[in-house]
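Below is a brisk report on one protein model. It moves from a charged cluster to the residues around it, then to the pocket and the overall fold.

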Amino acid sequence: MFKRLDKSDDNRVNVTINGQPAQVPAGETVAAAVLAQGLPHTRTTPVSGAPRAPFCLMGVCFECLMVIDGKANQRACMVRVKEGMRIDSQRGAGEWQT
C-alpha cells in the first residue's frame with residue numbers, strides 16, 4: 001500500500017482521476033497521487049491486457065504510462081500534478097484524445 005508520510009492538507013490541487021474528482025498535494029507526481037488514491041493500476045499492456053502499475057518511480061521502466069490531459073503514453077512518475085489536470089488509466093498502447 002502506498003501512503004503519504006506528510007499528512008498536511010496545505011496547498012492542494014483539484015484533479016480528476018478516471019472521472020472522479022480528487023484533491024492531492026500540489027507538486028507531487030501523478031504516479032504518487034494515483035497510488036495514494038488507491039488506484040490499483042495505471043495501464044494495461046497492449047499484448048495481453050494485463051494490468052500494470054508504477055514500479056521504479058524514476059522514469060526508467062515505463063510501467064506508469066497514463067493518459068494525462070488527453071495525451072497518451074505519459075510517464076506518470078515524471079509529471080507533476082497541477083490544478084484541473086485530467087488523469088486517466090491507459091488501455092493498451094493508448095489513444096490520443098483531442
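## Charged cluster and its surroundings

Arginine 43 has a relative accessibility of 11%, so it counts as buried. The model is a predicted one.

What does the side chain of arginine 43 meet in a salt bridge? Its partner is the side chain of glutamate 63, at 2.8 Å from N to O. Arginine 43 sits in strand S3, while glutamate 63 sits in the loop between strand S4 (51-52) and strand S5 (65-68), so the pair ties together parts 20 residues apart in sequence.

Glutamate 63 also meets the side chain of arginine 52 in a salt bridge, at 3.4 Å from N to O. This pair links distant parts of the chain: arginine 52 is in strand S4, glutamate 63 is in the loop between S4 and S5, and eleven residues separate them. Arginine 52 is partly exposed, because its relative accessible area of 33% falls between the 20% and 50% cut-offs. Shared partners join Arg43, Arg52 and Glu63 into one salt-bridge network. Over the whole structure, the search finds two salt bridges. In general, side chains of opposite charge can pair when their charged atoms come close.

The table sets out both pairs.

| Salt bridge | N to O distance |
|---|---|
| Arginine 43 – glutamate 63 | 2.8 Å |
| Arginine 52 – glutamate 63 | 3.4 Å |

### Threonine 42

Threonine 42 occupies the loop between helix H1 (30-36) and strand S3 (43-44). Is threonine 42 buried or exposed? Its relative accessibility is 1%, so it counts as buried. The threonine 42 side chain reaches the backbone oxygen of glutamate 63 at 3.3 Å. Leaving out residues up to four places away in sequence, threonine 42 touches residues including Arg52, Glu63, Leu65 and Gln90. Val34, Ala53, Pro54 and Ser89 are also among the residues it touches.

### Leucine 65

Leucine 65 lies in strand S5. Its relative accessible area is 12%, under the 20% cut-off, so leucine 65 is buried. Beyond its neighbours within four places in sequence, leucine 65 contacts Thr42, Arg43, Asn73, Gln74, Arg75 and Gln90. Leucine 65 and proline 54 are eleven residues apart in sequence, with their C-alpha atoms 8.1 Å apart in space.

### Glutamine 90

Glutamine 90 belongs to the segment after strand S7 (86-89). With a relative accessibility of 1%, glutamine 90 counts as buried. Which backbone oxygen does the side chain of glutamine 90 reach? The answer is that of glycine 92, at 3.3 Å. Not counting residues up to four places away in sequence, glutamine 90 touches Thr42, Arg43, Thr44, Leu65, Met66, Val67, Ala72 and Asn73.

### The largest pocket

Ten residues line the largest pocket, and Val67, Asp88, Ser89, Gln90 and Arg91 lie nearest its centre. The largest pocket holds about 220 Å³ of space. Its lining divides into one nonpolar, six polar and three charged residues.

### Overall fold

The protein has one helix and seven strands. From the N terminus, its elements run β-β-α-β-β-β-β-β. Of the 98 residues in the protein, 37% are buried. Among contacts between residues at least 6 apart in sequence, 43% join residues at least 24 apart.

Terms used: Residues numbered from 1 in each chain as written. Predicted model: local features only at pLDDT ≥ 70, side-chain atom pairs only at ≥ 80, totals over all residues. Heavy atoms only, no water. 1 Å grid on protein atoms, 1.4 Å probe; cavity = no way out; pocket = protein on both sides within 12 Å on 5 of 7 lines; lining within 4 Å. Points joined across faces, edges and corners; volume = space filled by probe spheres on them. Nonpolar A, V, L, I, M, F, W, Y, C, P; charged D, E, K, R; others polar. Helix = DSSP H or I, 4+ residues; strand = E, 2+ residues; numbered from the N terminus. Buried < 20%, exposed > 50% of the residue type's maximum accessible area, 1.4 Å probe, protein only. Polar contact = N/O pair within 3.5 Å; in protein donor to acceptor, adjacent residues only side chain to side chain. Contact = heavy atoms within 4.5 Å. Salt bridge = Lys/Arg side-chain N within 4 Å of Asp/Glu carboxyl O.
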